[in-house]
Amino acid sequence: MTDHVYKKIEIVGSSSTSLEDAVNNAVTVAGQSVRNMRWFEVVETRGQIEDNKINHWQVTVKIGFTIERTA
């Protein structure tokens, strides 16, 4: 088994539907430019209220990915 080295990035996903959709949006968009994603961690959740109802969700997510080795 090879020892892995990881890097973490922090991004914010949003959705007008749900927390889960906000996380999925963050991971999906990050996957377009980040290779070897392995895990995520939700570190902050917040939302916008309009007319006494939840209008929008924002979720800060840390995504871990393995660093590629050249040798």
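Predicted model: local features only at pLDDT ≥ 70, side-chain atom pairs only at ≥ 80, totals over all residues.
Let's start in the middle. The largest nonpolar core has 7 residues: Ala 22, Val 23, Ala 26, Ala 30, Val 59, Val 61 and Ile 63. Two elements, α1 (19-30) and β3 (53-66), each give two or more residues to this core, and α1 supplies the largest share, with 4. If you're wondering about the general pattern, nonpolar side chains tend to be buried together in soluble globular proteins.

Setting aside neighbours within four places in sequence, Ala 22 contacts Gly 13, Ser 14, Ser 15, Trp 57 and Val 59.

You'll find Ser 15 in strand β1, which covers residues 6-15. Is Ser 15 buried or exposed? Its relative accessibility is 6%, and buried means under 20%, so Ser 15 counts as buried. Beyond residues up to four places away in sequence, Ser 15 touches Asp 21, Ala 22, Asn 25, His 56 and Trp 57. The Ser 15 side chain also reaches the backbone nitrogen of Thr 17, at 2.9 Å.

From there, move over to β3 and its partner. Strand β2, residues 37-50, pairs with β3 in the antiparallel sense over 12 bridges. To get your bearings along that pairing, find Glu 44, which stands opposite Thr 60 in β3. The hairpin of β2 and β3 has 2 residues between the strands, and in this hairpin Asp 51 takes a positive phi near 55°.

Definitions and conventions. Residues numbered from 1 in each chain as written. Heavy atoms only, no water. Core = buried A, V, L, I, M, F, W, Y, C linked by side-chain atoms within 4.5 Å. Buried < 20%, exposed > 50% of the residue type's maximum accessible area, 1.4 Å probe, protein only. Contact = heavy atoms within 4.5 Å. Polar contact = N/O pair within 3.5 Å; in protein donor to acceptor, adjacent residues only side chain to side chain. Pairing = 2+ DSSP bridges.
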